[in-house]
Amino acid sequence: MAKKIVSDLKVKGKRVLIRVDFNVPMKDGAITDDTRIRAALPTIEYVLKNGGKAIVFSHLGRIKEEADLAKNDLRPVAKRLEELLHQPVQFVNATRGAELESAASHLKEGEVLMFQNTRYEDLDGKKESKNDPELGKYWASLGDVFVNDAFGTAHRAAASNVGIAANVSETAAGFLLEKEIRYIGGAVDHPNRPYVAILGGAKVSDKIGVIEALCEKADKILIGGAMMFTFLKAQGKNIGTSKCEDDKLDLANELLAKAGKKLVLPVDAVCTKEFADVCGVVKSVDEFAADDMGLDIGPKTLELFKKELAGAKTVVWNGPMGVFEMKNFAAGTIGVCELLAQLKDANTIIGGGDSAAAAESLGYADKFSHISTGGGASLEYLEGKELPGITCVDEK
Ligand code: ADP
Ligand code: MG
């Protein structure tokens, strides 16, 4: 069954509550990257063009104490939204109360209202993050229909997603959320095969659930990143001083047994003697010295991955292949970007904050079918878990 999307709604003359993800990086009150604001424009513009009254809201950062309030004020974001939309955005510096209620009820067709950070409500008993039923009901009362376009928080039930949805007549997905459902949901529910997963990044322990789920679903799982060393050590290899989770060796062995030939481990790595951006030496994974530290996958591994990826129709990738932040250890991650860019007729999906940042900073962002906007949410979705922020959207 397909989910209702914003373009299925009749928005004309309606107050449309739009939950976006404006959790942008900030420094000293200034936005350092507005990608997330830009990404939400299609949904907001659609509502405005079709005569809706847009009530836009988001969380920003975490609110644990008074001091967090000023740091996570959404006002600069409203200003930026105004510039990007080329029209005024009325900002209410509150998450409830008479001013907000009056602004919402006086909003005209094609106008935009934004209210303060939904997590300001967390200061008093975590009302937003714990989905306080009264809060969701209150926010729902400000509008007529609800559009959820925030994927990054879809794996948690909050008042601003699930809570509102429970109290409005209609809930639809925004265009961003719809794209996540189409690509990640598609890979989970009915992947075109061969289906290859590439997993890397820092820790096995972050990704156990995903590896287990992919053992069932994917045709191949290619492993890189620091997590490769936990698997290699579990196989009895000497990994020198490479990053390893020694308390996860048994688990790694279980996964190796469960996955059998599906799991493909690197055959070589780029090593140094210290964690620094210096020129490394390529070594076979069978010839590490006691003081070798592996910081990237090697060229033979890329060759192997190329063979495994030939003809793939669905590829999901989570976690960089090496310490891509250092130029001497970015080649493996760049190589995988290249391999995926060359695949024909394949759905290529990146999930994970650092992997997405890697693809962007290395210049490959437009080469993928989909780069997920949610780190934790995309992992849980790939695991096959139900995401409350998606479940709460109506079926068509
Ligand atoms: P994602 O956010 O995409 O899920 P992770 O957070 O799991 O990815 O991991 C990203 C981090 O893993 C990067 O900062 C990268 O430097 C680090 N990393 C990758 N390979 C290695 C390695 N061999 N040794 C140490 N750190 C590594
Ligand atoms: Mg990360």
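Predicted model: local features only at pLDDT ≥ 70, side-chain atom pairs only at ≥ 80, totals over all residues.
Me: Let's start with the overall layout. Into which domains is the protein chain divided?

Reply: There's domain 1, covering 6-175, and domain 2, covering 182-382.

Me: How far apart are the C-alpha centres of the two?

Reply: The centres of domain 1 and domain 2 are 35 Å apart. In the contact, domain 1 supplies 5 residues and domain 2 supplies 9 residues.

Me: And how much area do domain 1 and domain 2 bury between them?

Reply: About 540 Å², with 60% of that on carbon and sulfur atoms.

Me: OK, on to the ligand. Which residues come nearest to ligand 1?

Reply: Ala202, Lys207, Glu325, Asp354 and Ser355, out of 19 residues around ligand 1.

Me: What does the side chain of Lys207 do there?

Reply: An N or O atom in the Lys207 side chain sits 2.8 Å from an oxygen atom of ligand 1.

Me: Which part of Asp354 lies 2.8 Å from a ligand oxygen, backbone or side chain?

Reply: For Asp354 it's a backbone N or O atom, 2.8 Å from an oxygen atom of ligand 1. Ala226 also uses a polar backbone atom, this time 3.2 Å from a nitrogen atom of ligand 1.

Me: How much of the ligand does the protein cover?

Reply: Ligand 1 on its own has 580 Å² of accessible area, and the protein covers 86% of that.

Me: Which elements give two or more residues to that shell?

Reply: Those are β14 (293-297) and α13 (353-361). The most comes from α13, which gives 3 residues.

Me: How do the shell residues divide into nonpolar, polar and charged?

Reply: Around ligand 1 you get 6 nonpolar, 9 polar and 4 charged residues.

Me: Switching topic: where is Lys248?

Reply: Lys248 is in the loop between α9 (227-234) and α10 (249-259).

Me: What does its side chain make a polar contact with?

Reply: With the side chain of Asp247, at 3.3 Å. Leaving out residues up to four places away in sequence, Lys248 touches Ser205, Ile208 and Thr230.

Terms used. Residues numbered from 1 in each chain as written. Chains lettered and ligands numbered in written order. Heavy atoms only, no water. Near = heavy atom within 4 Å. Polar contact = N/O pair within 3.5 Å; in protein donor to acceptor, adjacent residues only side chain to side chain. Areas by Shrake-Rupley, 256 points an atom, 1.4 Å probe, with all protein chains shown as cover. Helix = DSSP H or I, 4+ residues; strand = E, 2+ residues; numbered from the N terminus. Nonpolar A, V, L, I, M, F, W, Y, C, P; charged D, E, K, R; others polar. Domains from an automatic or database assignment. Contact = heavy atoms within 4.5 Å. Buried area = accessible area lost by both parts, 1.4 Å probe.
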